[in-house]
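Here is a friendly briefing to read alongside the model. Please keep the sequence and the 3D view open as you go.

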Amino acid sequence: MMFVVAAFALIVAMVCLLVRLYVGPTVYDRVLASNAFGTQTVLFIGVLGFLTGRPDFLDIALLYALINFIGTIAVLKFFRYGSMGDVVKRPAKSEGE
Amino acid sequence: MLPVIIDILSWIMILTGGAFTIIGAVGQLRFPNFWARLHAASVSDSAGVILLIAGMCLQAGPTLITVKLLVIGLFLFVTGATSTHATASAALVSGLTPPVLKQKSGEDNSADKSEKPGS
């Protein structure tokens with residue numbers, strides 16, 4: 001039963017992060033919110049695995065944790081260098097706020 | 001008697017983990033600028049993750065599930081800090097200066113020993 005409470009808590013946290021993802025003024029707020037959202041998803045998959053009594057959900061959670069990290073770093077690299085790294089050119093004083 | 005204690009302990013951990021997750025998320029929603037939100041994000045990343053995974057480990061007992069959970073916990077522990085650092089450095093380099101540095105660099109450039117951030 002307590003896992004239902006944990007799942008509800010995670011859902012509330014995810015909704016808050018989605019609001020920040022939508023509102024976030026700068027790009028990096030959105031990257032931060034999406035990274036945190038990914039971590040909540042990993043925990044949510046783990047809790048669901050316990051709720052439905054299926055231990056193989058944890059493999060999915062582990063995979064999701066790996067992909068989430070790679071995705072965040074890829075998005076950061078794109079916004080930092082303006083390209084995925086084929087031609088690394090330092091951008092002019094790009095937008096800040 | 002022991003299973004009851006383990007049950008209670010794991011429920012406490014799961015509840016506090018969920019509470020920390022909500023605190024981190026609400027903090028990320030309400031803080032004024034990007035740099036304060038970094039701190040809020042790390043609250044739910046560290047305390048929320050560790051408590052929830054420890055609670056689930058206690059629930060699962062000494063089985064393969066606990067091993068998987070510990071691997072997930074270790075990985076989240078490592079990548080959480082790394083990705084937050086990467087986000088912060090990318091933001092800093094691309095010109096998003098924290099308010100504290102703005103005031104200091106604004107007042108006296110000469111006495112400021114730490115070099116100015118950004119390109």
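From the N terminus on, chain B runs α-α-α-α, which comes to four helices and zero strands; helices (H or I, at least four residues) and strands (E, at least two) are DSSP runs, numbered from the N terminus. This is a predicted model, in which local features need pLDDT of at least 70 and side-chain atom pairs count only at pLDDT 80 or more, while totals for chains, interfaces and linings use all residues. Residues are numbered from 1 along each chain as its sequence is written, chains are lettered from A and ligands numbered from 1 in the order in which they are written, and side-chain values use heavy atoms, with hydrogens and water left out.

**Chain B on its own terms**

- Of the 119 residues of chain B, 37% count as buried (buried is under 20% relative accessible area, exposed over 50%, partly exposed in between, with a 1.4 Å probe and protein chains only).
- Chain B exposes about 6300 Å², and carbon and sulfur atoms supply 75% of that area (Shrake-Rupley method with a 1.4 Å probe; for residues, only the protein chains shown count as cover).
- Taking contacts in chain B between residues at least 6 apart in sequence, 65% join residues at least 24 apart (contact means heavy atoms within 4.5 Å).

**The interface of chains A and B**

- Chain A brings 45 residues to the contact and chain B brings 44 residues.
- About 3900 Å² is buried between chain A and chain B, with carbon and sulfur atoms giving 77% of it (this is the accessible area, 1.4 Å probe, that two parts lose on being put together, summed over both).
- The rules find two salt bridges across this interface and seven residue pairs in polar contact, with both residues at pLDDT 80 or more.
- On the side of chain A that touches chain B, the elements giving two or more residues are α1 (2–23), α2 (27–51) and α3 (57–81) of chain A.
- The largest share of that side, 14 residues, comes from α2(A).
- By class, that side of chain A has 30 nonpolar, eight polar and seven charged residues.
- For the classes, Ala, Val, Leu, Ile, Met, Phe, Trp, Tyr, Cys and Pro count as nonpolar, Asp, Glu, Lys and Arg as charged, and the others, Gly among them, as polar.
- A polar contact is a pair of N or O atoms within 3.5 Å; within protein, one must be able to donate a hydrogen and the other to accept it, and residues adjacent in sequence count only if both atoms are side-chain atoms.

**Salt bridges**

- The whole structure holds three salt bridges over all chains (a side-chain nitrogen of Lys or Arg within 4 Å of a carboxyl oxygen of Asp or Glu).
- B:R37 and A:D29 meet at 2.5 Å, N to O; B:R37 lies in helix α2 (residues 34–60) of chain B and A:D29 in helix α2 of chain A, so the pair joins two chains.
- Both ends of this pair are buried, B:R37 at 4% relative accessible area and A:D29 at 2%.
- A:D59 and B:K68 have their closest N and O atoms 3.1 Å apart; A:D59 lies in helix α3 of chain A and B:K68 in helix α3 (residues 64–93) of chain B, so this pair also joins two chains.
- A:D59 is partly exposed at 39%, and B:K68 is partly exposed at 23%.
- A:R54 pairs with A:D56 at 3.7 Å between the closest N and O atoms; A:R54 is partly exposed at 43%, and A:D56 is partly exposed at 36%.

**A residue to look up: A:T72**

- A:T72 sits in helix α3 of chain A and is buried, with a relative accessible area of 4%.
- Leaving aside neighbours within four places in sequence, A:T72 is in contact with A:V31, A:N35 and B:S83.
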